[in-house]
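This report is meant for someone meeting the structure for the first time. Please look over the sequence and the model, and then follow the sections below.

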Protein chains: 2
Amino acid sequence: MRAAVLRQGHIVVDNVADVVPPAMHSLVKTIACGICGSDLHFVHHGGRMVELSRQAGGRSTLDVNKDIVMGHEFVGEVVEHGPHTTGPAPGTVVVAMPVVFPEMPPSAETAAGVGYSNEFNGGYAEYMRLFTPLLLPVPNGLPAREAALTEPMAVGLHAVAKANLVAGDTAVVHGCGPVGLAVIAALRLRGVDTIVAADFSPTRRALAATMGAHIVTDPGIDDVMDVWLRTASNRPLVQFDAIGVPGILNRAMMRAPKGSRIVVVGVCMEPDTITPIWGINKELNLQFVLGYTPDEFAETLGHLAEGRIDGASLITGSVGLDGVAQAFADLANPDQHVKILVEPQISSKSPRIS
Amino acid sequence: MRAAVLRQGHIVVDNVADVVPPAMHSLVKTIACGICGSDLHFVHHGGRMVELSRQAGGRSTLDVNKDIVMGHEFVGEVVEHGPHTTGPAPGTVVVAMPVVFPEMPPSAETAAGVGYSNEFNGGYAEYMRLFTPLLLPVPNGLPAREAALTEPMAVGLHAVAKANLVAGDTAVVHGCGPVGLAVIAALRLRGVDTIVAADFSPTRRALAATMGAHIVTDPGIDDVMDVWLRTASNRPLVQFDAIGVPGILNRAMMRAPKGSRIVVVGVCMEPDTITPIWGINKELNLQFVLGYTPDEFAETLGHLAEGRIDGASLITGSVGLDGVAQAFADLANPDQHVKILVEPQISSKSPRIS
């Protein structure tokens with residue numbers, strides 16, 4: 001089958017081995033797969049990311065010198081199941097958490113990430129092997145392309161759940177890329193009545209308002225914490241760092257009010273410098289978050305299907321496999337795109353605006 | 001009156017203005033005052049500390065180019081109260097939170113720290129002005145010198161309270177200086193059944209065991225996290241950083257198990273580098289803590305008075321005002337001392353071992 005392969009730091013289209021699903025797994029034909037910011041970073045810093053993960057106890061066996069087919073925000077159509085395995089009927093459109101199990105019985109210790117593996121390709125390929133018990137049929141009426149947003153939107157739902165919000169909390173969201181927008185959508189679903197969001201990009205600020213931010217600001221003109229201070233300084237605050245570049249966390253700590261919380265959901269891949277005395281003096285709490293639970297993933301699909309999260313507005317382009325390399329380059333410009341979908345069954349070289 | 005004054009980075013003994021208590025404040029004759037690690041750091045880095053605090057919204061008006069009489073871990077004897085003010089009878093031995101109010105009515109906005117102020121001297125002086133409603137009589141039977149440990153021990157009680165322990169939690173304590181020992185005592189009072197503590201100093205390790213640590217380790221020989229892994233790896237963990245030097249927090253993040261918590265109670269004055277991806281991958285929670293509540297302060301005094309915290313064992317020396325400068329130097333050697341008390345009413349040039 002054809003795939004967009006990460007090979008020695010470059011995305012190339014090539015033929016890769018066909019997928020043959022074993023027991024408890026299914027063959028799924030990829031309809032669409034979103035490009036994630038982590039994938040962009042992985043192209044250039046994958047080796048360092050794996051090394052850092054291992055240093056801290058991670059069990060990754062990923063070899064960045066071998067081919068990797070990325071893509072973990074996918075939707076597809078069931079083709080067939082492995083031996084002695086039952087699941088949704090062939091033809092069913094499904095999403096799934098991006099995890100498979102190379103050894104039986106399944107265990108957390110041996111789980112492998114679909115799209116971050118030398119063995120299990122992600123959605124930048126025509127077909128995938130997925131874990132059958134995790135397949136979730138896309139409810140009637142939700143376009144498959146929008147269902148591809150389940151994964152990134154679930155990240156926001158999880159981050160907000162880990163924030164342990166209480167009544168009266170207000171929120172500041174630093175960064176309105178896909179992660180920040182997902183956080184904003186989840187905050188709005190929780191009923192937070194003051195969501196202040198910041199991004200340099202007017203496109204992304206407009207989307208932040210669409211997703212539910214009450215106030216949006218260009219941090220180059222009016223700092224988000226100044227906006228918050230004018231708006232809600234008498235109320236408790238949770239800041240969400242959805243940018244993930246060095247310096248953001250420290251600045252959030254500097255501007256944080258006493259006793260407030262910071263949820264770190266943007267993945268900063270490099271070492272970062274903080275000023276502990278600021279944390280101490282103000283008794284700050286920092287919660288780092290990753291991923292989502294199976295329940296949160298399923299709940300997010302429901303929100304998209306019922307229109308409680310407007311997924312369609314986030315999709316700003318789509319490409320075939322031949323266009324993946326260019327799409328990666330285009331995503332460096334935050335004003336042009338939010339989420340580009342890879343559609344392996346179609347042929348298009350350059351991203352088209354949806 | 002006489003005082004040990006911090007003047008342009010040096011401790012000198014000099015006469016300073018006598019204390020005249022205004023309304024709601026009392027004149028208290030200092031019996032003893034512990035030397036805190038923060039004081040040691042402040043001598044060399046006070047200017048930077050004040051600058052960092054202001055950058056993050058602190059309202060400190062402290063001028064490190066003017067005289068400061070430090071000392072915030074004090075016990076004293078009531079001499080008299082200000083006009084129209086009632087409080088414990090003269091002669092009563094008292095401790096108090098180190099905070100006074102230059103403006104009436106008292107408010108958090110105008111509170112000043114006793115011992116970190118150009119105006120309100122701390123316990124390295126013969127007398128202090130204290131806020132009368134905060135005076136707590138030392139219960140009968142508790143030697144005054146031990147009551148001076150109320151403040152540093154309350155720091156431990158507060159840190160453990162902010163850790164939000166649940167049944168089954170285990171604890172690792174990095175560093176067994178006064179702060180780490182206070183944390184250990186508080187953990188033991190909470191009934192934590194697995195407290196693993198680390199320090200390079202054999203003296204401090206012995207004290208950690210006295211205060212209630214179940215296992216103590218020399219991190220140069222057997223890393224505390226390796227010890228914990230062998231002992232309690234199947235149980236939830238809270239790490240306490242009671243060292244407060246650059247690199248400790250990042251190492252705690254590197255070795256932390258998934259979903260665990262780190263309470264930062266050691267005050268790291270310098271910028272520090274962390275690896276956010278470790279926090280993200282393991283969904284760590286970092287809680288920075290400072291000080292204590294009035295209730296925690298009073299509760300700590302009760303623990304000392306009832307023998308539930310063994311304060312006497314922590315006092316390793318005492319000096320008169322003439323010995324303060326030498327005591328600051330001696331405290332750089334962690335094997336020799338834990339807590340040195342300044343006793344302004346006595347005369348002794350070099351610390352004596354209690």
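Predicted model: local features only at pLDDT ≥ 70, side-chain atom pairs only at ≥ 80, totals over all residues.

## A sheet with strands from both chains

An open sheet of 12 strands, with mixed pairing, has the order E12(A)-E11(A)-E10(A)-E13(A)-E14(A)-E16(A)-E16(B)-E14(B)-E13(B)-E10(B)-E11(B)-E12(B). The edges are taken by strand E12 (215-217) of chain A and strand E12 (215-217) of chain B, and each has a single partner strand, so one side of each is left without a neighbour in the sheet. On average, and with direction ignored, neighbouring strands of this sheet are turned by 15 degrees against each other.

Strands of a sheet are held in pairs through backbone hydrogen bonds, in either a parallel or an antiparallel arrangement. In chain B, strand E10 (residues 170-174) and strand E13 (residues 237-241) run parallel and are joined by 5 bridges. One of the residues concerned is Ala171(B), whose bridge partner in E13(B) is Val238(B). Helix H7 (residues 248-255) of chain B lies across E10, E13, strand E14 (261-264) and strand E16 (285-288) of chain B, together with strand E16 (285-288) of chain A, and the helix runs at about 165 degrees to E14(B).

## Where the chains meet

The contact between the chains involves 36 residues of chain A and 36 residues of chain B. Between them the two chains bury about 3,100 Å², of which 62% is on carbon and sulfur atoms. Of the area that chain A buries against chain B, 23% is supplied by Ile280(A), Glu283(A) and Phe288(A), more than by any other three residues. The count of salt bridges between chain A and chain B is 0.

How many disulfides does the structure hold over all chains? The number is 0. For Cys36(A), the closest cysteine sulfur belongs to Cys33(A) and is 9.4 Å away, which is too far for a bond. Cys36(A) counts as buried because its relative accessibility is 14%, with the limit for buried set at under 20%.

Cys176(B) is likewise in no disulfide, and the nearest cysteine sulfur, that of Cys36(B), is 16 Å away. With a relative accessibility of 0%, Cys176(B) also counts as buried.

Is Gly180(B) buried or exposed? This glycine, which lies in helix H4 (residues 178-189) of chain B, counts as buried, with a relative accessibility of 0%. Leaving aside residues up to four places away in sequence, Gly180(B) touches Val173(B), Gly175(B) and Ala242(B). Gly180(B) and Ser107(B), which are 73 residues apart in sequence, are 31 Å apart in space, taken from C-alpha to C-alpha.

In chain A, Leu229(A) has its place in helix H6 (residues 224-232), and this leucine is partly exposed, with a relative accessible area of 41%. The C-alpha atom of Leu229(A) is separated by 9.9 Å from that of Arg255(A), a residue 26 residues apart from Leu229(A) along the chain.

Note on methods:
Residues numbered from 1 in each chain as written. Chains lettered and ligands numbered in written order. Heavy atoms only, no water. Pairing = 2+ DSSP bridges. Helix = DSSP H or I, 4+ residues; strand = E, 2+ residues; numbered from the N terminus. Axes fitted to C-alpha atoms, helices over the stretch in contact; angles between N-to-C directions. Contact = heavy atoms within 4.5 Å. Disulfide = S-S within 2.5 Å. Buried < 20%, exposed > 50% of the residue type's maximum accessible area, 1.4 Å probe, protein only. Buried area = accessible area lost by both parts, 1.4 Å probe. Salt bridge = Lys/Arg side-chain N within 4 Å of Asp/Glu carboxyl O.
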